Each structure stands twice: as structure tokens, then as C-alpha cells.
2 protein chains.
Amino acid sequence: MVQTRQWILASRPVGEPTMENFELETVDLSDPGHDELLVETLYMSVDPYMRGRMRDAESYAEPWDVGEPMRAGIVAEVLESNHDDFAAGDVVTGQGLWAEHAVVDGHGFRAVDPDLAPVSTALGVLGMPGVTAYYCMLDVVDPEPGDTVVVSAAAGAVGSVAGQLASMAGARVVGTAGSDAKCDWLTDDLGYDAAINYKTTEDLGAAVGDACPDGVDGYFDNVGGPITDAVWPLLNVRANVGVCGQIALYNATEVPTGPRKLAQLITTRASVEGFLVRDYDDEQWATALRRLGGFIADGRLAYRENVVEGLEDAPDAFLGLFEGENVGKQLVQVREP
Amino acid sequence: MVQTRQWILASRPVGEPTMENFELETVDLSDPGHDELLVETLYMSVDPYMRGRMRDAESYAEPWDVGEPMRAGIVAEVLESNHDDFAAGDVVTGQGLWAEHAVVDGHGFRAVDPDLAPVSTALGVLGMPGVTAYYCMLDVVDPEPGDTVVVSAAAGAVGSVAGQLASMAGARVVGTAGSDAKCDWLTDDLGYDAAINYKTTEDLGAAVGDACPDGVDGYFDNVGGPITDAVWPLLNVRANVGVCGQIALYNATEVPTGPRKLAQLITTRASVEGFLVRDYDDEQWATALRRLGGFIADGRLAYRENVVEGLEDAPDAFLGLFEGENVGKQLVQVREP
């Protein structure tokens with residue numbers, strides 16, 4: 001019998017989550033059943049969407065139960081397999097737990113090739129954030145050469161990939177981020193044409209206007225709130241807005257208010273569309289991962305990971321997302337690969 | 001030389017327009033030049049979009065100048081023609097003035113067939129409002145059989161046509177309007193499945209929810225503001241929202257605020273698109289007018305006109321739009337046809 005430490009949802013947060021909402025417990029695991037795997041976590045992902053699961057409200061997914069383990073995308077080593085596709089020693093990725101060990105359903109897991117790229121990338125540039133950036137940018141924002149595209153949370157796991165894809169498509173790319181170090185990374189390493197530190201900019205609308213002299217043809221919106229208020233008035237005719245995240249709103253305890261902007265859509269005939277990567281099937285994921293892997297191999301796609309070591313620091317890493325501390329993908333390394 | 005009375009924009013309104021913003025003057029008209037027509041107005045249209053032209057702010061069209069005549073869609077009789085397509089006695093429609101007589105550019109005018117339908121319909125169901133309803137409903141909202149579609153300002157010139165088209169497409173259609181008489185018209189004569197009087201309903205969200213037990217697949221938004229706040233939370237996955245007007249906001253002196261709702265688009269992957277009928281070309285107008293004319297001839301498309309008599313009452317008719325007084329298309333009859 002295997003014992004594991006795991007984080008459970010101790011209570012639902014009100015507003016910004018705190019350490020009190022998390023509790024580390026030690027439990028005995030049952031043996032894996034039919035099609036199940038016993039895995040040891042190498043990396044786990046912390047993501048803004050998890051804030052939504054901690055809430056007891058209708059969303060696109062069921063809320064997590066209080067007293068139950070927190071869930072996360074993981075990269076793990078298979079210790080025991082009762083699923084035909086996997087054997088002990090394989091490295092796999094899928095939905096697991098905030099835990100050192102777990103028994104998981106083999107369905108929905110896929111093998112990670114350690115020779116292709118560091119296995120941690122399966123949670124970032126070669127995982128859900130990368131595939132999200134790929135399809136939301138190419139299917140929804142859909143930039144053309146000469147377009148101007150704005151990406152919010154541009155130094156995050158999704159935004160950093162999204163902006164580079166827009167740049168490859170021939171667009172002028174402008175990013176917003178929360179520190180000068182992030183802005184430097186965007187312009188120096190990721191090919192962004194301009195970057196705006198939204199925390200130190202007094203007049204965001206003017207700053208976005210200066211950075212986008214020909215207006216905005218595409219907006220990849222990860223943030224919402226005041227950054228979106230600054231970008232929308234600059235939308236050009238037939239602009240495309242992909243709403244991929246609204247992290248500015250996730251911790252709100254009351255419905256936030258802001259300027260009513262829908263009349264701007266009449267002026268511009270712009271299209272605004274919400275995006276969820278789970279609408280894409282296995283084949284589409286494989287296509288995106290193959291292309292993103294190729295871009296990394298070519299040196300056209302850069303990425304960063306911000307790795308916290310040790311399961312005990314997972315809540316800290318998660319809370320840091322709302323402080324804008326992470327440059328690139330935020331991971332927790334639970335065990336060395 | 002012909003004299004005419006005409007309304008000029010005396011001053012720009014602040015908030016709701018008043019009679020002081022309009023002035024009736026008498027002027028001498030010059031003779032029509034090359035390709036120009038001297039016309040006598042039979043009907044002129046008053047429309048919510050005119051509020052935008054009275055404002056000195058960037059929009060999809062140039063603002064009107066203070067001291068210049070107010071413009072309007074007109075149906076008129078040609079008195080003198082220097083344009084090859086038209087002869088004296090023809091009935092034509094196009095962009096004219098709030099005036100009894102006017103000299104206009106023949107380009108952009110088209111002949112109206114008095115045998116097809118009353119010529120006044122060229123400003124309503126067989127004119128800009130009808131074509132707007134046709135393409136915004138069929139191209140943007142795009143209902144399918146079994147869908148639920150909500151139309152705001154459903155008893156207006158655009159909304160009354162839009163809802164009937166959705167009903168023909170097999171959708172359940174729910175309208176909002178500002179009086180019980182309008183609501184009765186929607187359900188008794190226009191085939192709406194339910195109608196909500198937004199002025200007497202305390203909890204709009206609950207009322208829309210009751211009327212749309214299967215959620216909302218399409219929303220034809222003419223109004224914005226609190227009605228839109230009530231409809232968005234009910235949007236189904238992949239719902240389509242056509243933003244055709246935002247009359248609730250047109251008289252605002254400061255940018256109105258409301259709940260931030262973009263996160264709902266992620267949950268639903270709904271698409272929101274602004275609409276302007278001027279994006280459609282002559283051939284598309286002809287198609288829509290032919291089809292709408294056919295529906296009227298078949299008895300499948302009902303319409304109403306609210307006709308005020310006399311040019312002197314044109315500002316009153318316009319101001320009434322913001323009080324929600326008009327059932328169907330609001331017209332001013334300047335001369336009997």
C-alpha cells in the first residue's frame with residue numbers, strides 16, 4: 001500500500017484565496033483498478049482557472065468539493081499500470097491531483113516523449129496553455145500580415161505563446177504585463193513589438209494607443225477589466241476579440257462593474273468570442289502539439305517556466321498567479337524526473 | 001425657384017434631446033445640377049441612430065453640423081430630374097433632409113414601386129429597418145429550428161421584422177417591449193411565443209428565464225443596458241449575439257457602467273458581433289427586399305407604421321423614440337402620396 005501527501009480544498013475562498021483554504025493531508029491509496037494507473041507526480045500545474053473550481057457556482061465545469069483533493073494537470077511517472085497503453089516507467093500527462101502519488105484513470109492520459117523536450121513542457125508550451133494559445137490565436141483572433149494584435153497577460157503561459165504565434169503570422173504584436181522584467185522578456189526574447197507595464201502606466205488607453213498607431217485588429221484577452229477597457233476603443237473595423245481568460249475578475253466577490261462598451265461593436269462590427277480549449281478534439285491537440293514542437297525545435301518559439309520545488313509550496317505558487325509573479329508557465333516540481 | 005421649410009440642428013443635445021435642439025427654417029433651393037433631383041418629400045423616417053449624428057464624437061459616420069439641415073431617409077416624388085434613371089413623377093427613396101422639398105444627388109436613390117406595397121414601407125419593412133433585421137437575424141443571430149431567440153425593442157421597426165424571421169426559421173421567439181399593447185401585438189399578431197414588458201417587470205432576469213426555459217441560443221440586441229444584463233446569463237453554449245443597436249445608451253452623457261460580463265463568453269463560447277447594414281451591397285439589399293416583399297405578399301410578415309402628419313411634428317416624432325412610444329416603424333408624413 002502506498003501513502004501520499006495531498007492538498008485538499010479545506011474551505012471555499014471569499015475573494016482572494018488564502019492559505020486557510022488549503023490543507024495538506026496524508027492518506028493511504030487503494031490499489032489501481034481496471035484501466036487505472038498508480039503514478040508518482042513529477043510536475044503539477046497551477047492555473048488561474050482553478051479559482052473557478054474552488055467556487056460553488058455554475059461554470060463550464062463542476063466545482064470541486066470541500067474536503068476533496070485539489071486537482072491539477074500533472075506530469076507523472078507510471079509506477080503500476082492496469083491500462084494497456086501504459087507500462088511502469090512511462091512518463092504521462094493528464095488530469096491528476098495536488099499529490100505526490102495518485103491512482104488515476106488511464107483514459108485521458110497521454111504519453112510524454114522525454115526526448116522531444118523537457119517533460120515539464122507537457123504542462124506548458126506543449127500542453128494545455130500552448131494548445132489554448134494556438135487555437136484561440138489562430139482560429140479566433142486570426143491575425144493577418146500587417147495586423148496589430150494586443151495580448152494581455154502576455155508574459156503568462158498562454159500569452160507568451162499567443163504573441164509569438166501572432167508575430168509569426170506577420171502581425172505587429174503588443175503585450176501587457178505586470179513588471180518591467182516581463183516587458184523586457186516580451187520585447188527582447190519573444191519578438192513583441194511593444195510591451196506595456198500595466199502596473200506602472202497611468203493612462204492605459206493612451207499607452208495602448210501609442211503602441212498601436214494603426215488601431216487594433218486582434219485582441220487576445222486573458223485578463224479583462226481595465227486593460228480590456230483600454231483596448232476596446234482602439235478596435236478597428238472587423239476586429240476579432242478572443243476572450244480566453246478574465247483573471248482580473250476571478251477573485252471578485254461581487255459582480256464587477258465597468259463601462260458599457262457594446263456600442264463599440266456596432267461602430268466596428270467587431271466580433272467577440274469566448275474560447276475554451278476543451279472544445280478541441282484529440283486530433284486537433286496532436287496537430288497543435290506537433291506544430292508547437294516544431295517551432296521550438298526551429299528556435300522560433302521561446303518559453304519560460306517558473307518552477308517551485310516541493311508539493312508543500314503548491315498553494316503559494318497558485319496564490320502567486322493573482323499577484324502576477326510568474327514569468328511564463330508556473331509549475332510545481334514534486335519530484336525530480 | 002422653389003422654397004422649402006426644413007429642420008436644422010440648432011444645437012447639440014446634452015443627454016436626452018429637446019425641442020431646443022431643432023429649428024424650422026424656410027430657404028430658397030437652387031436648381032438641381034448634373035445627376036441631381038428636385039424632390040418633394042412624401043414620408044421621412046425618424047430613427048434612433050440619428051441621436052448619434054447629433055453628437056460631436058467619432059462614430060461610424062460623420063456627425064451632423066450645427067446650423068445644417070437634419071438628414072433622414074425619405075420617400076419622395078421627383079419634381080425635376082437631371083439623372084438618367086429618374087423622371088418627374090417617379091417615387092424614389094434615399095437619404096434626404098427633414099424638409100418638404102430638397103435637391104438631392106440621384107446616386108444612392110432608388111425607385112419605389114407603388115404597386116408592390118404602400119410607398120411608406122420603403123422606409124420601414126421594405127427599407128433600411130427591414131434589411132437590417134433580415135441580415136442581422138439571418139447572418140449573425142442565425143437561428144435554427146428549435147432554438148430560442150430573444151429580440152429586444154421587439155415592437156420597433158427592426159425588432160418586429162427580426163422576430164418574425166426567427167419564427168419563420170423555426171425558433172421559439174421572445175421579445176421585450178415597453179408597453180402591454182406592444183407585447184399583445186407581438187404575441188397576437190407577430191407570432192412571438194412570449195413577450196416581456198420591461199417597464200413593468202421587476203426582475204427582468206427571472207422573467208427572461210421563465211420565457212426561455214431552454215436558455216437563449218440567439219439574441220438580437222437593439223437596446224443594451226439592463227435588458228442585455230438580463231439576457232446574457234441565459235446564453236447557451238455557442239449562442240450568437242447580434243449587436244444591432246444600443247438605444248438604452250444613446251442619450252447617456254457619461255459612459256454608462258454595468259456588470260462586466262465577458263467571462264460569460266468563456267463559459268458559453270458565445271459569439272458577439274456588431275452589425276451595420278451599410279456593409280451590405282446593392283445586390284444584397286435587392287435580395288432582402290425581394291424576400292421581405294414576398295413574405296408580406298404571402299401574409300407571413302406583418303408590420304405596423306406609426307405615422308405623424310406634418311413636417312412641423314418631426315422633432316416630436318423623433319423624441320418619442322426614446323420614450324418607447326412607437327409601435328412599429330415611426331414615420332412623418334410630409335405630403336399625401
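This is a predicted model: local features need pLDDT of at least 70, side-chain atom pairs count only at pLDDT 80 or more; totals for chains, interfaces and linings use all residues.
## Where the two chains meet

Let's start with the contact between the chains. Chain A puts in 37 residues, and chain B puts in 37 residues. Between them, the two chains bury about 2900 Å², with 58% of that on carbon and sulfur atoms. There are 14 residue pairs in polar contact across this interface, both residues being at pLDDT 80 or more. On the side of chain A that touches chain B, at least two residues each come from helix 6 (225-231), strand 12 (235-243), strand 13 (257-259), helix 7 (263-268) and strand 14 (271-274). Sorted by type, the residues on that side of chain A are 18 nonpolar, 10 polar and 9 charged.

The chains also share some strand pairing. Strand 14 of chain A lines up with strand 14 (residues 271-274) of chain B in the antiparallel sense, over 3 bridges. One spot to look at is A:Glu273, whose bridge partner in strand 14 of chain B is B:Ser271.

## Salt bridges across the interface

Side chains of opposite charge can pair when their charged atoms come close. How many salt bridges cross the interface of chain A and chain B? The count there is 8.

One of them joins A:Asp279 to B:Arg238, with the closest N and O atoms 3.0 Å apart.

Another salt bridge brings together B:Asp279 and A:Arg269, at 2.7 Å from N to O. These two residues also belong to a network of salt bridges that links A:Arg238, A:Arg269, B:Glu273 and B:Asp279.

## Salt bridges within a chain

Over all chains, the salt bridge count is 22. In chain A, A:Glu312 pairs with A:Arg5, and their closest N and O atoms are 3.1 Å apart. A:Glu312 is in the loop between strand 15 (305-309) and helix 9 (314-321), while A:Arg5 is in strand 1 (residues 2-9), so this pair ties together parts of chain A that are 307 residues apart in sequence. A:Glu312 is partly exposed at 38% relative accessible area, and A:Arg5 is partly exposed at 28%.

Over in chain B, the side chains of B:Glu100 and B:Arg5 meet in a salt bridge of 3.0 Å, N to O. Here the loop between strand 5 (91-97) and strand 6 (101-105) holds B:Glu100, and strand 1 (residues 2-9) holds B:Arg5, so the pair ties together parts 95 residues apart in sequence. B:Glu100 is partly exposed, with 22% relative accessible area.

## Tucked away in chain B

Now for some covered places. Is B:Val173 buried or exposed? With a relative accessible area of 0%, B:Val173 counts as buried because the cut-off for that is under 20%. B:Val173 belongs to strand 9 (residues 172-177) of chain B. Leaving out residues up to four places away in sequence, its contacts include B:Val149, B:Val151, B:Tyr192 and B:Ala194.

Helix 2 (residues 128-141) of chain B is mostly covered too, with 11 of its 14 residues buried. Among them are B:Val131, B:Tyr134, B:Cys136 and B:Met137. Just after this helix comes B:Asp142, which takes a positive phi of about 50 degrees.

Technical notes. Residues are numbered from 1 along each chain as its sequence is written. Chains are lettered from A and ligands numbered from 1 in the order in which they are written. Side-chain values use heavy atoms; hydrogens and water are left out. Helices (H or I, at least four residues) and strands (E, at least two) are DSSP runs, numbered from the N terminus. Buried means under 20% relative accessible area, exposed over 50%, partly exposed in between (1.4 Å probe, protein chains only). Contact means heavy atoms within 4.5 Å. Buried area is the accessible area (1.4 Å probe) that two parts lose on being put together, summed over both. A salt bridge is a side-chain nitrogen of Lys or Arg within 4 Å of a carboxyl oxygen of Asp or Glu. A polar contact is a pair of N or O atoms within 3.5 Å; within protein, one must be able to donate a hydrogen and the other to accept it, and residues adjacent in sequence count only if both atoms are side-chain atoms. Ala, Val, Leu, Ile, Met, Phe, Trp, Tyr, Cys and Pro count as nonpolar, Asp, Glu, Lys and Arg as charged, and the others, Gly among them, as polar. Two strands pair if DSSP finds at least two bridges between them.
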